[in-house]
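User: I would like to learn how to read the features of a structure such as this one. Please take them one at a time.

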Amino acid sequence: MKIKFKILTGFLLLIIMLLIAGAMSIYEFSRIGKSVRALIDDNYKTIEASKTMIEALEREDSGILLLISGKWKEGRQILQSADSLFLSAFDIAKNNLTEKDEDMYIEKIETSYLIFKNKWEPPIVGTSKENSVNWYFTEVHINFIKVKSEINALMTLNQDSMYLEASELKEQAHRAIMPGIVAIVSALIFLVMFNFFIGLILVRPIKKLINSVKGYYLHSQNFDAEISNHDELKELEIEIQNLISRIHQKNEK
Amino acid sequence: MRKEIVIRHIGMVLIFNAIFLFISFLISLYLSETSVVPLLYSSLIALVFGLFPLIYVKPSHYISIWEGTSIVVFGWITTCLVGSLPYILWGGEFSFINAWFESVSGFTTTGSTIINDIEILPKGLLFWRSSTHWLGGIGIVLFTILILPGSNTSKLVLLNTEMSPLAKSNFKFRAKEILRILLYVYLGLTILETILLNLAGMSFFDAINHSFATIATGGFSTKNLSIAYYNSISIEVIIMVFMVFSGVHFGLTFNTILGNKNNIFKSSIFKAYITFLLVGVILVSLKLYFSDMYPWWESVRYAAFQVISLGTTTGFATIDTANWPSFTQIILIYFTIQCAMIGSTSGGLKFDRIFIFFKAIKKQIKSIQHPHAVISLKVDGNSINEKTEIHTMIFIILYLGIIFITTALLTYLDVDNFTAFSSSAATIGNVGPGFGNVSSLGNYSNLPDLGKFFLTINMLLGRLEIFGIISLLFIKSWR
């Protein structure tokens, strides 16, 4: 094997090792990017929608209290805007089903919200419900609490999943960084080995050649560098031997 | 010493690691697991470092003893380092020291683990974990020299370094044949156990992993509850039979299968080994039964499995022995120290040395009674020379000395006495589980990092028969 090829192979192996470490880090980082996006798309949207639903629900509760106290106009205005806010948030959650059994949670919210809505949609002002605290606690508040707890359950489901996803992100970050660290350490060991092998295939035979040449002209020893590799240095040894024999022949003539 | 020759051979060992890492990667890739990248990259690193020396160093037909010792010792250390890479890269519970511990424990077939939840590990990584047992069981260096071409002289040097001199007494063959026999028995037992476990109801994946761990007398399971998970008598019986066979000298097993003279029925060491195991099972069963721990049948069932598991240095568990009566724990600790037969895949002190030790005591008593008589120590009609006798005694003393030193070091790190002693004995014996906080269904995760590191040195000392590593420390005397 030629020296050039040996050195080139060494560098190629080093490059391959570093390139693959880089590629793997990039792959893991792109996965982290996707996971972050998924985290936002999958869970964060629903959590925000749940918060909006709870806020809308609380406003509806205030609207009902206004109706009970006889303030029809203010009460209905608040209820109308809160209802449309709730429905738009609910739509976001309904169209963002990403967790197992999430559809069940949505269905439960939908059903209990309809029951709750049926309580405040019919007229309240001017009926027996006006000023009836008893009606509020027995009919309205119970359903309000039920819808709220079901929204909270949906929020918890997504928060738990988000926590798990975040833990997984930590692992992914570790997996993205580690190939780089391992590559650096490996490259250092590789370079030490490379240095040793360069010494073995280049420096050691060259020293042998120098010593043999010196031995020849200083002490008239036979020229034999004993190079065992079959590469350019072996060729050089043979050429020097040829040269010496030609000089001998010339001197003899 | 020619460093390049040592590096070249270590490179060959790494190529074998790369192959098994690649198989594990394929499993992970097929199952789309999180260990795809860690396994692939580890495989590549092992391959690059394995191929690199082959480009620069020409094969040599001669290896000196010093070079042979260096190849074996550094080959094992490098293998363990590369083996820890997929764990480090994967993360989870694997810090650097934990990954190193798991890798050394795997390759030395110790089977101690630092993982609290094994079942969350990706299957590719679990397969690699079991593969480390299988590669380490046969001796990664032996495996390499068997498969790769090389001269018989160099093979013999490596064989002599990797294998205990006592082990070769039951092999009446040349180096090449010894290696071939080892591989045939090893492969044969692995395949047979996998099939039987699969038939007994284990999934193929679990069967092959448990088979790797049994034949290598390792003890890594794919389940947190080890064999207790299956609660199956047939599985326990199969594993017990294979644990016993894996603890027997492979040459004897091979001769028995071929119907040769030098078989297990003629071996007094084998008979004594089985007798010791049986006595152990009876003693533990009786104590368990009379302590009202279990009904008689369950006492025998649990006692048999635990005694065989520890007595063969495997380390599987069907029950947590931490709450067992002290007497049964002492018996199990004896088996942890005794270990299995020389020439098997087990590490540690080995039963043959205990056998020679008892014979030497008998000889000593006789020589006191008859001071002028010439008394020789014989095993199966063959005289054991004085050199082997002295070597055995020194080995036993050194072995117990190392257990004492490691126990002292662990107690210095505030580990309790019982845990420290049993973990030292379990790791140098390549057994795996100890008692106290590291009992059969427990793990080593709670030990201090430095303590874990000491225990990995114990594992390597036990696997490499102590003198291999120690001799490298005295480089000057080699010259």
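Analyst: Thr318(B) is a place to begin: this residue is buried, with a relative accessible area of 6%. Buried means under 20% relative accessible area, exposed over 50%, and partly exposed in between, with a 1.4 Å probe and protein chains only. The model is predicted: local features need pLDDT of at least 70, side-chain atom pairs count only at pLDDT 80 or more, and totals for chains, interfaces and linings use all residues. Residues are numbered from 1 along each chain as its sequence is written, chains are lettered from A and ligands numbered from 1 in the order in which they are written, and side-chain values use heavy atoms, with hydrogens and water left out.

User: Where is Thr318(B) found, and with which residues is Thr318(B) in contact?

Analyst: Contact means heavy atoms within 4.5 Å. Thr318(B) sits in the loop between helix H13 (296-311) and helix H14 (326-338) of chain B. Helices (H or I, at least four residues) and strands (E, at least two) are DSSP runs, numbered from the N terminus. Leaving aside neighbours within four places in sequence, Thr318(B) contacts Ile227(B), Ala228(B), Glu236(B), Tyr302(B), Phe305(B) and Gln306(B).

User: Is Asp206(B) buried or exposed, and which residues does Asp206(B) touch?

Analyst: Asp206(B) belongs to helix H9 (residues 204-215) of chain B and is buried, at a relative accessible area of 8%. Not counting residues up to four places away in sequence, Asp206(B) touches Thr222(B), Lys223(B) and Tyr230(B).

User: How should I read salt bridges, and how many does the structure hold over all chains?

Analyst: Side chains of opposite charge can pair when their charged atoms come close. The rule for a salt bridge is a side-chain nitrogen of Lys or Arg within 4 Å of a carboxyl oxygen of Asp or Glu. Over all chains, the structure holds 21 salt bridges. One of them joins Glu235(A) and Lys2(A), at 2.9 Å from N to O. This pair links distant parts of the chain, 233 residues apart: Glu235(A) is in helix H5 (residues 232-252) of chain A, and Lys2(A) is in the segment before helix H1 (3-68) of chain A. Glu235(A) is partly exposed, with a relative accessible area of 42%, and Lys2(A) is partly exposed, also with 42%.

User: Are Lys117(A) and Asp83(A) buried or exposed?

Analyst: Both Lys117(A) and Asp83(A) are buried. Their side chains meet in a salt bridge of 3.0 Å, N to O. The pair links distant parts of the chain, with Lys117(A) in helix H3 (residues 102-120) of chain A and Asp83(A) in helix H2 (residues 72-94) of chain A, 34 residues apart.

User: What about a pair within one helix, such as Glu48(A) and Lys51(A) in helix H1 of chain A?

Analyst: An α-helix has 3.6 residues a turn, so residues three or four places apart point the same way. Glu48(A) and Lys51(A) are three residues apart in helix H1 of chain A, and therefore separated by about one helical turn. Their salt bridge has its closest N and O atoms 3.6 Å apart. Glu48(A) is partly exposed at 30% relative accessibility, and Lys51(A) is partly exposed at 43%. In chain B, Lys350(B), Arg353(B) and Glu465(B) are linked in a network of salt bridges.

User: How do I check the span of a helix?

Analyst: The expected span is 1.5 Å times one less than the number of residues. Helix H3 (residues 65-90) of chain B has 26 residues and should span 38 Å; its end C-alpha atoms are 38 Å apart, which agrees. H3(B) has a kink of about 25° at Ser84(B), shortly before the proline Pro86(B). Such a bend is the angle between axes fitted to the seven residues ending at a residue and the seven starting there. In H3(B), 21 of the 26 residues are buried, so this helix is largely enclosed by the rest of the structure. Just after H3(B), Gly91(B) takes a positive phi of about 90°.

User: Which residues of H16(B) are buried?

Analyst: Among them are Phe395(B), Ile396(B), Tyr399(B), Ile402(B) and Ile403(B). Helix H16 (residues 386-412) of chain B has 27 residues and reaches 39 Å from first C-alpha to last, close to the 39 Å expected. Just after H16(B), Asp414(B) takes a positive phi of about 70°.

User: How is the interface of chain A and chain B read?

Analyst: The size of an interface is often given as the accessible area lost when the parts come together. Here the area buried between chain A and chain B is about 2600 Å², of which carbon and sulfur atoms give 77%; buried area is accessible area (1.4 Å probe) that two parts lose on being put together, summed over both. Met24(A), Arg175(A) and Phe197(A) supply 23% of the area that chain A buries against chain B, more than any other three residues. In contacts, 33 residues of chain A meet 24 residues of chain B. The count between the two chains is one salt bridge; the side chains of Glu4(B) and Arg204(A) meet in a salt bridge at 3.6 Å, N to O.
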